[in-house]
Amino acid sequence: MNFFSYLNTFLEKLKSQGLFRENKKEGKLNFILNDYLGLRHRKIELDKLYKLKENLFTSSASPLLGGYSNLKESFCNFLKYLYKKEVLLFNTGYAANLGCLSSLKHINSLTIFVDKLAHASIYDGILLSQKPFFRFRHNDMDHLEYLLKTYSKNYKYLYVVTESIFSMDGDISPIKDLLILKEKYNFVLHIDEAHAFGIYGKNLLGAFEKYKESIDIITITFGKALGSFGSAILSEKSFIDFLINTARSYIYSTHISNLNVFISYLNFLYIRKNRNLHKKLFKNIVYFKRKLKDIKIKSISNNPIQPIFLKDLFKSQKDFKDILEKLKKFKVQIGLIRPPTVPKGKERFRISLRADHSKKDIDELIDILRFLKE
Ligand SMILES: Cc1ncc(COP(=O)(O)O)c(C=O)c1O
């Protein structure tokens with residue numbers, strides 16, 4: 001069998017299991033985007049950017065070879081002022097986590113503890129670090145403590161990484177318990193705030209804004225609540241300098257464009273002034289949860305990410321292909337999340353609520369869920 005025939009066989013198998021993935025365009029009414037505040041179609045005045053006389057659409061090089069800029073420096077300074085941490089801009093959240101965690105390769109006698117449901121970018125970074133790692137059961141601090149107790153004596157440095165708001169379940173890490181364990185076991189704590197940055201906190205710095213001084217490393221992304229693209233790692237100067245010198249996704253890639261940094265910066269300032277967007281989003285969450293309760297479907301999340309587990313919706317096991325066929329007939333787009341993104345048995349519709357959804361939009365979604373429910 002030649003290489004491409006092999007691939008076709010591989011893909012046919014995915015198709016037969018209903019696990020084949022395809023690109024999807026944004027539909028008119030959808031619950032699949034992470035643009036929680038509805039900023040993606042906001043008109044941005046680009047004149048100001050032209051006046052900056054910066055390279056606009058490409059950075060033309062790695063940040064180490066001229067791809068950095070005054071605009072980037074000023075956005076970093078603003079974030080630094082808010083977080084009281086040094087800031088490093090990456091192209092995406094994926095590149096940030098990949099670069100950050102893979103750099104741990106250079107630290108002797110280090111081991112990593114990670115929440116089982118952490119994002120793929122965290123796992124990929126860990127795998128590249130080639131460090132031993134232990135997975136604790138999702139948000140289970142007793143299990144984390146058990147692992148820390150059992151394995152900490154073999155290593156000098158312990159590194160715990162998890163998310164604040166989980167990307168697929170929409171639930172939240174028990175930060176107070178994490179900090180108690182941190183005190184006891186003296187680990188480095190890394191929190192990915194991808195889905196909380198721009199949404200939570202007095203200054204919109206994330207779900208754990210209040211605890212930011214006790215968190216050693218924070219990931220934020222601009223492709224979700226900021227309606228833009230890009231990301232940053234925030235930490236102490238020594239860690240940021242360490243990343244500049246070791247993070248391969250930072251060093252060996254053309255840096256994020258000034259255009260994206262400008263949009264991220266402007267949108268961040270905009271949402272800090274326009275808190276009505278957040279009010280609208282949270283009203284939508286309350287409304288959706290109320291309607292969901294009316295049709296007797298459980299919701300475990302109080303956040304924009306609302307998982308609806310297939311096992312709660314259907315009495316019998318369903319073929320993914322049938323579900324996908326059914327979904328195609330609706331004019332409302334909802335995401336079906338399957339393995340390997342989520343474990344077997346945890347397949348779900350991932351509903352992503354936004355500030356620009358109307359009550360009528362949510363009613364249409366509820367009608368579909370009512371129709372699908374057995
Ligand atoms: C928790 C988490 N971290 C990182 C990322 C990656 O961010 P980006 O889309 O900017 O690459 C995601 C993306 O969904 C995420 O959910």
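Predicted model: local features only at pLDDT ≥ 70, side-chain atom pairs only at ≥ 80, totals over all residues.
Me: Is the peptide bond from Pro 339 to Pro 340 cis or trans?
Reply: Most peptide bonds are trans. For the bond from Pro 339 to Pro 340, omega is near 10°. That bond is cis.

Me: What is the phi of Ser 60, and where does Ser 60 lie?
Reply: Ser 60 is in the loop between helix H2 (47-51) and H3. Most residues other than glycine have a negative phi. Ser 60, a residue other than glycine, has a positive phi, near 65°.

Me: Is the crossing of H3 and H10 left-handed or right-handed?
Reply: Helix H3 spans residues 70-83 and helix H10 spans residues 258-273. Their axes come within 9 Å and cross at roughly 35°. The crossing in which H3 passes H10 is left-handed.

Me: How many residues of the contact of H3 with H10 are nonpolar?
Reply: From H3, the contact takes in Leu 71, Lys 72, Ser 74, Phe 75, Phe 78, Leu 79 and Leu 82. These meet H10 residues including Val 261, Phe 262, Tyr 265, Phe 268 and Leu 269. Of the residues in the contact of H3 with H10, 3 are polar, 2 are charged and 10 are nonpolar.

Me: How many residues of the contact of H6 with H7 are charged?
Reply: H6 passes H7 in a right-handed crossing. Met 141, Leu 144, Glu 145, Leu 148 and Lys 149 of H6 make the contact with Asp 177, Leu 178, Leu 181, Lys 184 and Tyr 185 of H7. The residues divide into 6 nonpolar, no polar and, as charged residues, 4.

Me: What is the handedness of the crossing of H11 and H14?
Reply: Helix H11 (residues 276-294) packs on helix H14 (residues 359-372) at an angle of about 30°, with the axes 10 Å apart. That angle makes H11 roughly parallel to H14. The crossing of H14 by H11 is right-handed.

Me: Which residues of H11 make the contact with H14?
Reply: On the H14 side, the contact is made by Lys 359, Ile 362, Asp 363, Leu 365, Ile 366 and Leu 369. The residues of the contact of H11 with H14 divide into 7 nonpolar, 1 polar and 3 charged. The H11 side consists of Asn 284, Tyr 287, Phe 288, Lys 291 and Leu 292.

Me: Which residue has a side-chain N or O atom 2.6 Å from a nitrogen atom of the ligand?
Reply: The ligand is surrounded by 13 residues, the closest being Gly 93, Tyr 94, Asp 192, His 195 and Lys 224. An oxygen atom of the ligand is 2.8 Å from a polar backbone atom of Gly 93, and an oxygen atom of the ligand is 2.9 Å from a polar backbone atom of Tyr 94. The side-chain atom 2.6 Å from a ligand nitrogen belongs to Asp 192.

Definitions and conventions
Residues numbered from 1 in each chain as written. Heavy atoms only, no water. Axes fitted to C-alpha atoms, helices over the stretch in contact; angles between N-to-C directions. Helix = DSSP H or I, 4+ residues; strand = E, 2+ residues; numbered from the N terminus. Parallel < 35°, antiparallel > 145°, perpendicular 65-115°, else oblique. Left-handed = near helix turned anticlockwise from the far one by under 90°. Contact = heavy atoms within 4.5 Å. Nonpolar A, V, L, I, M, F, W, Y, C, P; charged D, E, K, R; others polar. Near = heavy atom within 4 Å. Polar contact = N/O pair within 3.5 Å; in protein donor to acceptor, adjacent residues only side chain to side chain.
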